[in-house]
Amino acid sequence: MNTFESKSKKTLLIEKLIKFFLILAATISILTTFGILFSILFESIEFFKLRSFWYFLTGTVWSPGVIGSKFGALPIFAGTFVITIIALSVAIPIGLGSAVYMSEYASPKLRDYLKPLLEILAGIPTVVYGFFAAITVAPLIVKMADAVGLEATFNSALASGVVMGIMIIPVISSLSDDVIRAVPDSQRKAAFGLGMTHGEIIKNIVLPSALPGIISASLLGLSKALGETMIVVMAAGLRPNLSWNPLEDMTTVTVTIVNSLVGDFEFNSPETLSAFALGLVLFVITLILNMISLSLIRKFKEKYKVNTL
């Protein structure tokens, strides 16, 4: 009896220690997030003491480091939006299509070859993607635009967005493949028993069941696209350009942050502090997108549960 009680006490002690370390890990993660937020926030407040917050959000001229410097970030946000939308327009159809093929149509042996080959794209350095965009894709886009009577620059948002989309295909494809394969086979067999074709099962059963995971994979790809720098530097340029024309050169928030921090300005100068203001806005935008996506996923799960009851 004493031996049993001692073992029980040791087990309880180990469980308490494990619980303590798990709580500690969760607390560190949360505090790290708040630490990042506050470190950006305090420096951003210093910037907005020197420059107008409203003009920062709505101004159309970004010209730091010159006499009468202006910090209108609208061209930078517009460039980020355009390039990201192009990247997602490339990555989501191709990534989701490849995931559906590998999980629903490809044989196990073929899938064992295809998935590692596709995931090799995730291991290529972004600077290599940048070279590919600048040397191969950008000249090709210029030639194609000339062929249809359009004018395109060699540093274009389209070239950067297309290559960035290729870069995030493995992220969307691999995660989507996992969630599609996680859909129970019983649902597929029941649908086959009702006389549905394979395509109808994918459209009406598999994809709706896996939609929350697909949305999460797409958002992860979106986050990676928003944080990309090298491809934009080498393929889209550094000029803040307020334009919706993807054939023109433009820049993004992350590239501008790098330019602001590596300049020969004092740390408390508006030119350097503007990087923190851009980072704060990007942080808030990403947070809002995540909140919207979580809300959509929650509503979809509730609707799907109701429909399946």
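Where in H8 does a kink of about 60 degrees lie? Hold that thought for a moment.

Okay, ground rules. This is a predicted model, where local features need pLDDT of at least 70, side-chain atom pairs count only at pLDDT 80 or more, and totals for chains, interfaces and linings use all residues. Residues are numbered from 1 along each chain as its sequence is written, and side-chain values use heavy atoms, leaving out hydrogens and water. Helices here are DSSP runs of H or I with at least four residues, numbered from the N terminus.

Back to H8. The kink sits at Leu 211, shortly before the proline Pro 212; the bend at a residue is the angle between axes fitted to the seven residues ending there and the seven starting there. H8 has 29 residues, yet its end C-alpha atoms are only 36 Å apart, short of the 42 Å a straight helix would reach at 1.5 Å a residue (the expected span is 1.5 Å times one less than the number of residues).

Now, who packs on whom? Two packed helices are described by the angle between their axes and the distance between the axes. Axes are lines fitted to C-alpha atoms, for helices over the stretch in contact, with angles from 0 to 180 degrees between N-to-C directions.

H6 (residues 157-181) packs against H8 (residues 198-226) at about 150 degrees, axes 8 Å apart. So H6 and H8 are roughly antiparallel (under 35 degrees is roughly parallel, over 145 roughly antiparallel, 65 to 115 roughly perpendicular, the rest oblique). In H6, residues including Met 164, Ile 168 and Leu 175 meet H8 residues, among them Val 206, Ala 210 and Lys 224; contact means heavy atoms within 4.5 Å. That contact divides into 15 nonpolar, four polar and one charged residues (Ala, Val, Leu, Ile, Met, Phe, Trp, Tyr, Cys and Pro count as nonpolar, Asp, Glu, Lys and Arg as charged, and the others, Gly among them, as polar).

H7 (residues 185-193) also meets H8: their axes come within 10 Å and cross at roughly 145 degrees. Gln 187, Arg 188, Ala 191 and Phe 192 are the H7 side of that contact.

Last pair: H5 (residues 126-147) and H6, at about 135 degrees with axes 9 Å apart. That makes H5 oblique to H6. Their contact has eleven nonpolar residues, one polar and no charged.

How values were computed: Helix = DSSP H or I, 4+ residues; strand = E, 2+ residues; numbered from the N terminus.
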